[in-house]
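Hi,

Here is the structure I said I would pass on.

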Amino acid sequence: MNAQKRYEIFARLREHNPEPTTELDWATPFELLTAVLLSAQATDVGVNKATARLFPVANTPRAILDLGLDGLKEHIRTIGLYNTKAENLMKTCRILVEQHGGEVPRTRAALEALPGVGRKTANVILNTAFGEPTIAVDTHIFRVANRTGLAKGKDVVEVERKLLRYVPKEFLKDAHHWLILHGRYTCVARRPRCGSCVIEDLCEYPDKVDIG
């Protein structure tokens, strides 16, 4: 795929959705970090229902520590793997209080040192909370990048590096959200909705469906 086609893809995605953002509900970097930690193998809708109960009671590291592990579990027990997630969140809160003054750090290394935080989660925080031009490659972005020909790679790190190299700078800050939303609602896994795709004529996927 050439640079002109890549530019047009993102120009259309921007025209279709000028201000994309995460579908997780959050108001502070810590709320976003909490929501992302809870979102593994869970839907954003499910996470939002849990955080709607949790955040009015505790939305800072200190407040969650004060809740205690059992108290935290009571608020998030509707989410899958809530026991492990609660333990990781408590450990993370303790580190944030003891090492970062209760604030979410703004460096990848410090974020990835937090329990339950890997490269993808760190990228989400850096991009969505702090406006860094990073791309967190999840299953949706991995599929869209490979299927369309935008940035082919055998693993998420390769796709991330290629996207950071290929996506025009003016689109880089929002590319993460455009690609996730495109993968979630249009370029879906089993049967992509090519007939309603705004970049269908630019996509290099050879097995397009539902066109016309």
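Which helix gives the most to the lining of the second largest pocket? That would be α10, with 4 residues. Before I go further, please keep in mind that this is a predicted model.

**The pockets and the cavity**

The lining is made up of L13, H16, N17, W178, L181, H182, Y185, T186, S196 and V198. Besides α10, the helix α1 (3–16) also supplies at least two residues of this lining. If you sort the lining by class, you get 5 nonpolar and 5 polar residues, with no charged ones.

The largest pocket holds about 710 Å³ of space. It is lined by 31 residues, and those closest to its centre are V36, S39, A40, D44 and K120. Quite a list of helices gives two or more residues to that lining: α2, α3, α5, α7 (119–129), α8 and α10 (172–185). Here too α10 has the largest share, with 5 residues. By class, the lining of the largest pocket has 12 nonpolar, 13 polar and 6 charged residues.

The structure holds 1 cavity of 30 Å³ or more, and the volume of the largest cavity is about 80 Å³. Its lining counts 13 residues, with H182, C187, C194, C197 and C203 lying nearest the centre. That lining splits into 6 nonpolar, 3 polar and 4 charged residues.

How much of α2 is buried? Of its 10 residues, 9 are buried, namely F30, E31, L32, L33, T34, A35, V36, L37 and L38. The cover over these residues includes α3, α4, α5 and α7.

The packing of α2 against α7 can be followed residue by residue. The two axes are 10 Å apart, at an angle of about 150°, and the crossing is right-handed. On the α2 side the contact uses P29, L32, L33 and V36, which meet T121, V124, I125, T128 and A129 of α7. This contact has 7 nonpolar residues, 2 polar ones and no charged ones. V36 is worth a click, as one of the residues closest to the centre of the largest pocket and also part of this contact.

**Helices α8 and α9**

I141, F142, A145 and N146 of α8 make the contact with V156, V159 and L163 of α9. By class that gives 6 nonpolar, 1 polar and no charged residues.

**Some loop residues**

Most residues other than glycine have a negative phi. Phi of Q41 is near 55°, and L81 has a positive phi of about 60°. You will find Q41 in the loop between α2 (29–38) and α3 (44–54), while L81 lies in the loop between α4 (61–76) and α5 (82–100).

Is Q41 buried or exposed? Q41 counts as exposed because its relative accessible area is 73%, and the cut-off for exposed is over 50%.

Lastly, have a look at P133, in the loop between α7 and α8. With a relative accessible area of 41%, P133 is partly exposed. P133 and K173 are 40 residues apart in sequence, yet their C-alpha atoms are 4.4 Å apart in space. Leaving out neighbours within four places in sequence, P133 is in contact with L164, L172 and K173.

Best wishes

Terms used: Residues numbered from 1 in each chain as written. Predicted model: local features only at pLDDT ≥ 70, side-chain atom pairs only at ≥ 80, totals over all residues. Heavy atoms only, no water. Buried < 20%, exposed > 50% of the residue type's maximum accessible area, 1.4 Å probe, protein only. 1 Å grid on protein atoms, 1.4 Å probe; cavity = no way out; pocket = protein on both sides within 12 Å on 5 of 7 lines; lining within 4 Å. Points joined across faces, edges and corners; volume = space filled by probe spheres on them. Nonpolar A, V, L, I, M, F, W, Y, C, P; charged D, E, K, R; others polar. Contact = heavy atoms within 4.5 Å. Axes fitted to C-alpha atoms, helices over the stretch in contact; angles between N-to-C directions. Left-handed = near helix turned anticlockwise from the far one by under 90°.
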